[in-house]
Amino acid sequence: MNKAYKIKRYLKKVGREVFLADGAWKSTPFYAVIEPRWKNDKTNFENIKTELGIVSADYFTYLGPFDHNIESISDEGYLTLDNQKYIFKKKECVKCGNEVQFYSGILRKVWGDDNVQS
């Protein structure tokens, strides 16, 4: 069995159901691992100005299957998890030889009126 399919099978076991969307297009549901990423001194994550002051945005690490190419979605594209919208700040393809094994990235949670309503 191909390693990419093994990774996809494990993502289904440990991941959560998510969707990708870009404009009017929405993907079929699939499983990915979304984990909180904590800010430290060596990261360059931006702060958000709110009515209450400046706060740190919520960032997450994304690990997804080989057959959902996050690099192909535009900057306006996003990921949906539990009706919450996340935008990609970084997208990467992990290959072994010339074959894609999985995709990884950094997500930022979107707050306010931009959340997904379904």
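The side chains of Arg16 and Asp82 form a salt bridge, at 2.2 Å from N to O (a side-chain nitrogen of Lys or Arg within 4 Å of a carboxyl oxygen of Asp or Glu). Arg16 sits in strand β1 (residues 16-22) and Asp82 in the loop between β7 and β8 (84-96), so the pair ties together parts 66 residues apart in sequence. The model is predicted: local features need pLDDT of at least 70, side-chain atom pairs count only at pLDDT 80 or more, and totals for chains, interfaces and linings use all residues. Residues are numbered from 1 along each chain as its sequence is written, and side-chain values use heavy atoms, with hydrogens and water left out.

**Salt bridges**
- Three salt bridges are found in a search of the whole structure.
- Lys8 and Asp67 are joined through their side chains in a salt bridge of 2.4 Å, N to O.
- That pair links distant parts of the chain, 59 residues apart: Lys8 is in helix α1, and Asp67 is in the loop between β6 (59-65) and β7 (78-81).
- A salt bridge also connects the side chains of Lys90 and Glu92, at 3.4 Å from N to O.

**Exposure of the paired residues**
- Asp82 is exposed, with a relative accessible area of 57% (buried is under 20%, exposed over 50%, partly exposed in between; 1.4 Å probe, protein chains only).
- Arg16 is partly exposed at 38% relative accessibility.
- Lys8 counts as partly exposed at 31%, as does Asp67 at 35%.
- Lys90 is partly exposed at 43%, and Glu92 is partly exposed at 34%.

Note on methods: Helices (H or I, at least four residues) and strands (E, at least two) are DSSP runs, numbered from the N terminus.
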